[in-house]
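Me: Got a structure open and want to talk through how it packs. Can you take a look with me?

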Amino acid sequence: MPPLPRPFRTTLPGFLIGAFAMAAGAAPAPLTSADLEAVAQQVMAAETAFAKTLADRQIDRFADFVAEDAVFRGAALRLGRAEVVNNWRHFFDGPLPPFSWAPDAVTVAADGRTALSTGPVRTPDGRMVSRFTSIWRKDADGHWRVVVDQGVDACECPPPPK
């Protein structure tokens with residue numbers, strides 16, 4: 001095989017340096033802590049609106065907050081929006097919701113496109129029965145959606161040692 005013309009010849013180290021330089025130039029500037037706090041407020045609002053769908057008995061609106069590739073873990077693992085919504089449908093039956101949830105903490109990843117929210121899950125009389133943990137992703141359409149969700153039973157746990 002004849003050698004490549006000079007403009008097309010390169011060494012592997014030179015190629016890698018060029019590839020890394022191009023990738024570094026394409027990377028967005030890191031977000032500041034103020035930026036991340038602003039994004040956390042967006043996710044807090046999205047989680048609150050997501051919870052309101054159950055209170056308002058709006059299963060279609062609930063579905064819009066669930067990512068197509070979502071994974072929800074409850075008594076069983078549910079994969080994908082259709083399965084999650086189908087599994088949650090019975091919670092929307094009847095005039096009153098069987099439980100409620102609200103975020104009390106949100107942490108955003110440094111990229112500003114993923115976040116974790118958590119908070120209490122309460123019975124209609126206000127008793128805390130578990131905590132939820134959700135991972136949110138900002139999709140290409142700019143909408144925050146849940147990609148992972150899991151509840152954890154509440155316990156009377158002592159505070160960690162200081």
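**Helix faces, core and charges**

Reply: Let's start with α4: the face turned away from its buried side carries A82 and N86, both exposed. Keep in mind that this is a predicted model.

Me: Which residues of α4 are buried, then?
Reply: V84, V85 and W88 are the buried ones in α4. Looking down the axis of α4, the buried residues fall within an arc of 95 degrees, so they line one face of the helix.

Me: And what do those buried residues of α4 pack against?
Reply: They pack against α3, β1, β2 (77–79) and β3 (100–101).

Me: OK, on to the core. Which residues in the largest nonpolar core touch the most other members?
Reply: That core has 31 residues, and F50, F62, F72, W88, W101 and W136 touch the most other members. At least two core residues come from each of α2 (33–55), α3 (59–64), β1 (66–73), α4 (81–88), β4 (105–108), β5 (114–122), β6 (128–138) and β7 (144–153).

Me: Which element gives the most to this core?
Reply: α2 does, with eight residues.

Me: How many aromatic pairs does the structure hold?
Reply: There are 13 aromatic pairs. Take F72 and W88: their ring centres are 6.3 Å apart and the planes sit at 90 degrees, so this pair is edge-to-face. It links distant parts of the chain, with F72 in strand β1 and W88 in helix α4, 16 residues apart.

Me: Are F72 and W88 buried or exposed?
Reply: Both F72 and W88 are buried.

Me: Which residues do the ring pairs link into a cluster?
Reply: The cluster takes in F50, F62, F65, F72, W88, F91, F92, F99, W101 and W136.

Me: Now the charges. How many salt bridges does a search of the whole structure find?
Reply: The search finds 11 salt bridges. One of them joins K52 and D56, with the closest N and O atoms 2.5 Å apart.

Me: How exposed are K52 and D56?
Reply: K52 is partly exposed, at a relative accessible area of 47%. D56 also counts as partly exposed, at 35% relative accessibility.

Me: Is R145 buried or exposed?
Reply: R145 counts as buried, at 8% relative accessibility.

Me: Which residues are linked in a network of salt bridges?
Reply: The network links R61, D64, D69, R137, D139, D141 and R145.

Me: Last topic, the strands. How many bridges do β5 and β6 pair over?
Reply: β5 and β6 pair over nine bridges, in the antiparallel sense. Within that pairing, L116 has I135 in β6 as its bridge partner. The two strands form a hairpin with five residues between them, and G126 in the turn has a positive phi of about 95 degrees.

Me: And β6 with β7, how many bridges join them?
Reply: Nine bridges join β6 to β7, and these strands run antiparallel. S130 has D153 in β7 as its bridge partner. β6 and β7 form a hairpin with five residues between them, where G142 in the turn has a positive phi of about 85 degrees.

Conventions: Residues are numbered from 1 along each chain as its sequence is written. This is a predicted model: local features need pLDDT of at least 70, side-chain atom pairs count only at pLDDT 80 or more; totals for chains, interfaces and linings use all residues. Side-chain values use heavy atoms; hydrogens and water are left out. A nonpolar core is a set of buried Ala, Val, Leu, Ile, Met, Phe, Trp, Tyr and Cys residues joined through side-chain atoms within 4.5 Å. Buried means under 20% relative accessible area, exposed over 50%, partly exposed in between (1.4 Å probe, protein chains only). Helices (H or I, at least four residues) and strands (E, at least two) are DSSP runs, numbered from the N terminus. Rings of Phe, Tyr and Trp (its six-membered ring) pair if their centres lie within 6.5 Å; planes under 30 degrees apart count as stacked, over 60 as edge-to-face and the rest as tilted. A salt bridge is a side-chain nitrogen of Lys or Arg within 4 Å of a carboxyl oxygen of Asp or Glu. The arc is that of the directions from the helix axis to the C-beta atoms. Contact means heavy atoms within 4.5 Å. Two strands pair if DSSP finds at least two bridges between them.
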